[in-house]
Amino acid sequence: MRLLVALFTLASLLSAGGPAVVRDWTKNPVVVQIDTTADLFVVGDAHSDYVHLVRALDGAGIIAGRPEQPEQARWRARRAVLISTGDMIDKGPRALDVLKLYQTLRVQARVAGGDVVILAGNHEAEFLADPAAPKGAEFARQLKAAGISPADVAACKGDTGSFLCSLSFAARVNDWFFSHAGRSSGRTLSQIASDLSAGVEKDGFRTREGRPTPDGRQWFDSGMPAQDEKQLLANWAHAMGVRHIVQGHEPSEIRFSDGVKRNKGEMFQRFGLIFFIDTGMSEGVGYSDGAILRIANNGQEASAVCPDGKQTSIWDARSNPDVGRAPVCGR
């Protein structure tokens, strides 16, 4: 379970134990692995804000227009791969519509030769671990309003429960690694898959959220071996066979040891190694109007795309900038 929490959060906390989960890991793998020459689009933490999410997807050219209901959405990105890094529920009014939107687009994308990879975040895992916890009260209320039992969802029953319990926890697409909160603890992808599947089968989704450590440092600074941030990130990426790590989870300010700061709500990268894509789009957070990370030219370029279509380059392989940032969309 340590790895489950590490992938979900910036600092890991051990689980208290919980009901085991029976899952077909071949059909629903821990780590999705894809090789493609198509563009990648990545979106973080929608947190139940369907309106901001469809605006962001439309602005990036992933869907056609801004449908009022998820069933009306139409995929227009052809062979592209869209990745959601989790935290689709809580903090907003339309969690079920956000979930349905991703499922609708996944079906259409696969028909077009593309894909939609939907990963779990700590909010999904924590609800599945305890549907009566205060943190998930709004999602539970929305489920009840739709005639769905929160306890059944947490038990992996019904359409919503089976969907949430089937979510993968990370993805490797070409030489890019995606998860909710980035931390892999220096393991290989096979070690991640083995450790996490064993943990879920034994303890279920019983986790609790670990925010940045009490000293305020991020996971790549706190409690890690005595090496600088760039070297640590490079070593962990190398262990997974990738060159870049993309995470959601953290929309707030992030400071590096050399004084470089990521401002809240920014799409931001450091060293070409780690990319922060949670821009706080949900009305429950309100840091930005949302943004999509676009990875193009066979993984050689990365840009932030605002809902109005404005695109800002934050990294490219040729210049490999030490720092890349885009203006906060809508601010």
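Two strands pair if DSSP finds at least two bridges between them, and strands (E, at least two residues) and helices (H or I, at least four) are DSSP runs, numbered from the N terminus. The structure is a predicted model, in which local features need pLDDT of at least 70 and side-chain atom pairs count only at pLDDT 80 or more, while totals for chains, interfaces and linings use all residues. Residues are numbered from 1 along each chain as its sequence is written, and side-chain values use heavy atoms, with hydrogens and water left out.

View 1. Which residue of β7 is the bridge partner of phenylalanine 177? The partner is isoleucine 245; β6 and β7 (residues 244–247) run parallel and are joined by 4 bridges. With β5 (residues 170–173), β6 pairs in the antiparallel sense, again over 4 bridges, and here phenylalanine 178 is the bridge partner of alanine 171. β5 and β6 form a hairpin with 2 residues between them, and asparagine 174 in the turn has a positive phi of about 55°. In a regular strand the side chains alternate between the two faces of the sheet. Trp176 and Phe178 point one way from β6, Phe177 and Ser179 the other way, and all are buried (under 20% relative accessible area; exposed means over 50%, partly exposed in between, with a 1.4 Å probe and protein chains only).

**View 2. Glycine 186 in the loop between β6 and α8.** This glycine counts as partly exposed because its relative accessibility is 29%. Leaving aside neighbours within four places in sequence, glycine 186 is in contact (heavy atoms within 4.5 Å) with Trp236 and Ala239. The C-alpha atoms of glycine 186 and alanine 237 are separated by 7.8 Å, although the two residues lie 51 residues apart along the chain.

**View 3. Helix α8 and its buried face.** The expected span of a helix is 1.5 Å times one less than its number of residues; for the 15 residues of α8 this gives 21 Å, which agrees with the 21 Å between its end C-alpha atoms. Leu189, Ile192, Leu196, Ser197, Gly199, Val200 and Asp203 are the buried residues of α8. Seen down the helix axis, they fall within an arc of 165°, so they line one face of α8; the arc is that of the directions from the axis to the C-beta atoms. The face turned away from this buried side carries the exposed residues Ser190 and Lys202. Glycine 204, which follows α8, has a positive phi near 65°.

**View 4. The largest nonpolar core, with 71 residues.** A nonpolar core is a set of buried Ala, Val, Leu, Ile, Met, Phe, Trp, Tyr and Cys residues joined through side-chain atoms within 4.5 Å. Leu57, Ile62, Trp75, Leu82, Tyr102 and Phe220 have the most contacts inside the largest core. Helix α3 (residues 95–111) gives the most to this core, with 7 residues. A second, separate core of 26 residues includes Val117, Ile277, Ala304 and Cys306.

**View 5. The disulfide of cysteine 306 and cysteine 329.** The sulfur atoms of this pair are 1.9 Å apart, and a disulfide is a pair of cysteine sulfur atoms within 2.5 Å. The torsion about the S-S bond of cysteine 306 and cysteine 329 is about -80°, so the disulfide is left-handed. Cysteine 306 counts as buried at 11% relative accessibility, and cysteine 329 is buried with a relative accessible area of 6%.
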